[in-house]
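Welcome, and please open the model in your viewer. We will go from stop to stop, selecting as we go.

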Amino acid sequence: MQGVSEALLRKYSQRSRQRDAAIQEFVNRNGRVPTDREVAVLVRETRAEKLVEISTQEVRTRQRARLSPEEAVELMGVQAGRRVHPESSAPAEPSFRYALAHIFERVSVTREHEVLTEALRHGRGQVSRAELEGLLAMQESSGAILRDGCEIATAQSLQREREMITWVNHDIGQCEFLGGNQTFVASDRLRPEQRRAVEFILSSRDQAVNLRGAAGTGKTATLQELRRGLTEANRQVVALAPTMSAVEELQKVGFADAMTLERLLQDQRTQAALRGKVIIVDEAGMVAGRQMWELLRLAGQQSARLVFVGDAKQIQSVEAGDALRVLEQESRLKSVALTQVQRQTKKDYREAIQELRRNPERGFAKLDAIGAVRQVDWQDRAEAVARAFEEAPGRRGLVVCATHDEIERVTVAIRTARKKKGDLGNSVPLTRQVSLNWTAAQKSEELSYRPDTGLPSRRQGNREE
């Protein structure tokens with residue numbers, strides 16, 4: 001075949017090798033060369049049994065999976081009508097690998113053009129779109145990349161999700177009661193819904209159980225009572241959360257030894273002490289696919305039980321994979337829900353928030369009807385928010401903005417207004433470090449760094465995880 005190397009042709013000429021080996025064996029056995037008819041018989045007898053239930057696409061996938069990266073590039077060049085030497089592909093492959101690592105660290109599914117755009121940006125002036133599309137096609141053929149229309153995902157992430165689901169399903173109903181055999185009486189301070197949630201979890205016989213609840217439904221008070229029930233059942237508890245801020249909140253309500261999930265996953269001494277304990281994972285909706293996969297494997301190795309606490313509809317993970325949502329929808333994970341919002345004391349506002357969760361359109365309509373929604377031109381938004389903050393009862397307002405730029409503008413507006421009223425004195429300039437929020441791929445690139453880029457110490461890095 002024109003353009004294909006002899007080495008690659010020989011690699012796929014299995015029948016020729018089988019024929020030659022059979023002929024050589026005939027010569028050794030009979031002391032003569034076989035006739036043409038005998039050669040035909042030898043070929044027929046050495047033919048492997050066909051896979052009658054395999055599709056053409058599967059045949060192509062298996063054939064292409066045998067290709068090395070250099071051989072894949074060689075064939076890609078032949079298909080494009082030109083011979084491409086492996087060394088000429090050097091700029092394209094690193095850029096393609098970088099794009100995959102960068103994009104799929106934060107999302108499980110993306111559009112094809114996002115990967116191609118990132119690869120072109122990385123290899124600016126050195127790679128072509130045609131080369132990248134060829135590499136992507138080879139990844140699809142080998143099964144490493146999965147496609148649905150213009151959306152693509154990695155087979156690795158899919159396999160990880162399957163393993164998570166299998167792990168949760170494996171020990172359904174196979175464990176002892178989480179709360180032991182004694183009867184636990186929950187505090188009267190809890191609402192009936194909260195007491196039922198505590199009782200549900202303590203009576204679980206699964207290795208993992210889930211407490212689902214929207215913001216303001218009383219998850220913290222429920223967790224405190226659950227901790228008391230586990231302690232009375234002689235269960236040792238380890239509390240985890242995805243972020244340091246969530247860990248600090250756990251510590252405030254009695255989980256003194258709470259730590260970040262990432263710290264546990266990186267600390268082998270802490271892992272070794274998990275044997276037989278109950279792991280409570282707060283804000284579990286923020287746990288990424290990789291972290292959940294590693295946590296489940298660790299829990300299995302240490303015979304630990306898991307209690308997830310969170311809401312898959314709130315803040316999602318920074319890394320790829322909405323692990324809790326996947327487990328809730330695809331596995332047999334049992335859940336108990338807290339639905340009664342208590343944080344909003346005004347009835348109409350509370351009803352609007354509850355409706356917002358069920359139906360965002362109707363929820364916003366309810367908020368608008370009670371005057372809780374104000375439309376302001378974006379140029380006047382910061383000052384309008386500053387006025388609303390000043391009008392908040394007891395100065396207990398919480399300001400939430402969509403972007404860091406808007407945070408900066410609103411903060412300046414609030415501080416300026418408070419200075420005019422005399423609430424704040426003269427400013428003192430301080431230097432602060434702001435995370436660049438890079439992916440691992442970006443951190444590995446030398447060109448990402450500038451002379452003024454600060455690097456955290458190991459201790460700082462652990463605290464930020």
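Helices (H or I, at least four residues) and strands (E, at least two) are DSSP runs, numbered from the N terminus. This is a predicted model, where local features need pLDDT of at least 70 and side-chain atom pairs pLDDT 80 or more, while totals for chains, interfaces and linings use all residues. Residues are numbered from 1 along each chain as its sequence is written, and side-chain values use heavy atoms, without hydrogens and water.

Start by selecting α20: its 17 residues reach 25 Å from first C-alpha to last, close to the expected 24 Å (1.5 Å times one less than the number of residues). Now pick its buried residues (under 20% relative accessible area, 1.4 Å probe, protein chains only; exposed is over 50%, partly exposed in between): Glu406, Val410, Ala413 and Ile414. They share one side of α20, because their arc around the axis is only 95°, taken from the directions from the axis to the C-beta atoms.

Next, select Trp438 and Tyr449, an edge-to-face pair with centres 5.1 Å apart and planes at 85°. Ring centres within 6.5 Å make a pair (Phe, Tyr and the six-membered ring of Trp); planes under 30 degrees apart are stacked, over 60 edge-to-face, the rest tilted.

Last, select Arg205: its charged end sits over the ring of Phe177, 5.5 Å from the centre (CZ of Arg or NZ of Lys within 6 Å of the ring centre and within 35 degrees of the normal).
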